[in-house]
Amino acid sequence: MKHVVVGTAGHIDHGKTALVRALTGIDTDRLPEEKARGITIDLGFAFLEEADGLTIEIVDVPGHERFVKNMLAGVGGIDLAMLVIAADEGVMPQTREHLAICSLLHIKSGLVVLTKTDLVEADWLELVKEDVAGTVRGTFLAGAPMVAVSARTGQGLPELRATLRTIAGSIPPRETDQLARLAVDRVFSVRGFGTVVTGTLTAGQFRVDERVEIYPKKLETKIRGLQTHGRAVEQALAGQRTAINLQALERAAIERGDVVGLPDTLVPSLLVDSTFELLSDAPRVLKSRDRVRFHVGTSEVMARVLLLEQAQLEPGESSFARIRLEAPIVATPGDRFVVRSYSPIMTIGGGTLLDVAPPRFKRKAPALAAHLRLLELGQAAEVIEEHVRHAGTSGVRTAALSGRVPFGPARLRGLLAELERDGRLLAVDRDWYLHPESYERLRELASTALAEFHRAHPLRAGMSREELRGRVGAVDDRLFAHLLATLDAAGVVRAERDKVRLASHEVHLSPEQQRIVQHIEAEFRRADAAPPSAEEALSHAGVTGDEDHELFQFLVANKTLVRVKESLYFHVQSLDAIRDRVVDLLRDRKEIAPGDVKDLLGISRKYAIPLLEYLDQSRVTMRVGERRVLRGQSPGA
Ligand SMILES: Nc1nc2c(ncn2[C@@H]2O[C@H](COP(=O)(O)OP(=O)(O)OP(=O)(O)O)[C@@H](O)[C@H]2O)c(=O)[nH]1
Ligand SMILES: [Mg+2]
């Protein structure tokens, strides 16, 4: 089974539609207006089934100058172009424009059909053939078969069909490892079925019941049914003209230019980086920031072309460009696009998309050109590494990368694994990658932040984890944990519970600081169950300050002093002894009142109440009414 999509091309009235009908028996002009005016306005579709499992799908396009935009929507997904030229008229403006468009889209194969031969003499036909050969010289159609036919008499049609079959046979099958996508070229609703979209399935495959997303509109739905040339199928494959019946979506919700893909795989973009070439017969120079019509897939969007290497392009010149779109497009790197001038409307150039989610860069920086050259010409692995490098310290997920590289998900996964093995990428966890340079940057940020912290707070044991995470750019929790674990294993930091310090950090007290600390500690130890306030203890040691004083906090951090309540600290040994004495008393009495503690320790309510609350919180005692019992024992037990 092979599917090849052929697109017609050529000037208005040159006999494209008549030729398709003569070949396939299908009249592709469906609209009443097309019938009335005798011209094609929008795309038409037909097909030929050959004996050996080959299906030739045909997209018939309009030749009218005003409908080139529809022509562009039709030729986006084709494999080969059939340039139709009426023998009586020869090469005309849209013959050239359609040829230029097919060239810009990098269509690789095709043929020329000279039709209406019933209207001309044999020697005139020879002249036209020579003229056509000159026109296609230097294009993908140079040397391509040229077949003379008449749709009216049927002359030459068998030869044309045989030629199409031969060319179709030589077209390589489409890649199977590619994200499935279909650029919508028609939307309509069918009674009893609902909304149907059609297009060429450019890559991948779709199945009935599969969940899909309509990009860029973010509409998620399900494939209710699939058809290829009028027949219901369970599955549609790359290269097939496909009609998709979508579940529960209004016809008005979708339009030409939208793309059907698997959910969360494609990337809608308002900014893309690309190569750009101005056609050598473009009527004038293109200046950076010129407003143009941008065509990719089946969409047309207004855009501005920012030239990255020069201020303007002469006809025939090319450059890297950053394209700012006025509405989102949905495409992948490697896709070709066509640009037409704003007014008068003319095809002037095109290029290849290199990045559909470009990183910020200083415009015109030499680094940007180097980056784009790598995306254009680099090996697949280098391209991935470059994207991960630019993802910076937050890293990038495989799923987010797959819509941004010009190759399929299976190849991407293989290359990521290879890069990780070679140490060119780090895996934070499965499907999440970071460039070693970014990791190095995080290490530096963490070390610098810790060193600064230690310098500012030499008496503090360490920095809080959350504060440190903020200092390295508030990276994801898992990435931060990974970073700390690696730094700890490497002996650079010590991460203990919620505090992190440099492994080299030690708290050093000067002799004077030692004296003060010892003085405060001695006072708390002496005061036992009736401790002084921080201010008092500090002033007795000859310094002014409150509980935030670094030396007081030093005693708290090393657990010499324990905070029982706001501004109330006890010496740790006193607190241990108090707890033991209260527990003993409770063992004896089963339950006690605050007054009992006052008497036991010889202290006032000011200390007794906070102490009991502290013991409640420490799960030593439990409050029952105004009294306390030992936790886990009820009164009277
Ligand atoms: N004598 C003669 N007339 C032809 C032949 N092929 C097409 N015609 C006539 O040429 C006219 C235009 O043919 P179409 O097939 O509509 O031309 P087209 O290229 O599809 O035109 P657009 O889609 O509008 O660009 C019609 O009147 C056809 O009957 C042919 O081989 N011989
Ligand atoms: Mg036509």
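The legends below describe close-up views of a predicted model.

View 1. Thr17 belongs to helix 1 (residues 16-24), whereas Thr40 sits in the loop between helix 2 (32-37) and strand 2 (44-49), so the pair ties together parts that are 23 residues apart in sequence. Thr17 and Thr40 are both buried.

**View 2. Two residues with positive phi, Asp13 and Lys116.** Most residues other than glycine have a negative phi. Asp13, found in the loop between strand 1 (2-9) and helix 1, has a phi near 70°. Its relative accessibility is 53%, and because exposed means over 50%, Asp13 counts as exposed. Lys116 is in the loop between strand 5 (109-115) and helix 5 (122-136), with a positive phi of about 60°. At 24% relative accessibility, Lys116 counts as partly exposed.

**View 3. Two cis peptide bonds, Tyr215 to Pro216 and Ser343 to Pro344.** Most peptide bonds are trans. The bond from Tyr215 to Pro216 is cis, with omega near -5°. Pro216 lies in the loop between strand 11 (211-215) and strand 12 (219-228). The bond joining Ser343 and Pro344 is also cis, and its omega is about -5°. Pro344 is placed in the loop between strand 23 (336-341) and strand 24 (347-355).

View 4. One of the pairs joins strand 19 (residues 290-296) to strand 20 (residues 299-307) through seven bridges in the antiparallel sense. In this pair, Arg291 stands opposite Arg304 of strand 20.

**View 5. Helix 11, residues 436-456.** Which residues of helix 11 are buried? They are Ser438, Tyr439, Leu442, Ala446, Ala449, Leu450, Phe453 and His454. These residues cover an arc of only 145° around the axis, which puts them on the same side of helix 11. The face turned away from that buried side carries the exposed residues Arg455 and Ala456. As for length, 21 residues at 1.5 Å a residue should span 30 Å, and the end C-alpha atoms of helix 11 are 30 Å apart, which agrees.

**View 6. Helix 14, residues 511-527, and its packing partners.** At 1.5 Å a residue, the 17 residues of helix 14 should span 24 Å; the end C-alpha atoms are 24 Å apart, in agreement with that value. Gln513, Ile516, Val517, Ile520, Glu523 and Phe524 are the buried residues of helix 14. Viewed down the axis of helix 14, they fall within an arc of 130°, so they line one face of the helix. What do the buried residues of helix 14 pack against? Their partners are helix 15 (534-540), helix 16 (550-557), strand 31 (561-565), strand 32 (568-571) and helix 17 (572-589). Pro511, Gln518 and Arg526 are exposed on the other side of helix 14. Asp528 follows helix 14 and has a positive phi, near 55°.

Methods:
Residues are numbered from 1 along each chain as its sequence is written. Chains are lettered from A and ligands numbered from 1 in the order in which they are written. This is a predicted model: local features need pLDDT of at least 70, side-chain atom pairs count only at pLDDT 80 or more; totals for chains, interfaces and linings use all residues. Side-chain values use heavy atoms; hydrogens and water are left out. Helices (H or I, at least four residues) and strands (E, at least two) are DSSP runs, numbered from the N terminus. The expected span of a helix is 1.5 Å times one less than its number of residues. Buried means under 20% relative accessible area, exposed over 50%, partly exposed in between (1.4 Å probe, protein chains only). The arc is that of the directions from the helix axis to the C-beta atoms. Contact means heavy atoms within 4.5 Å. Two strands pair if DSSP finds at least two bridges between them.
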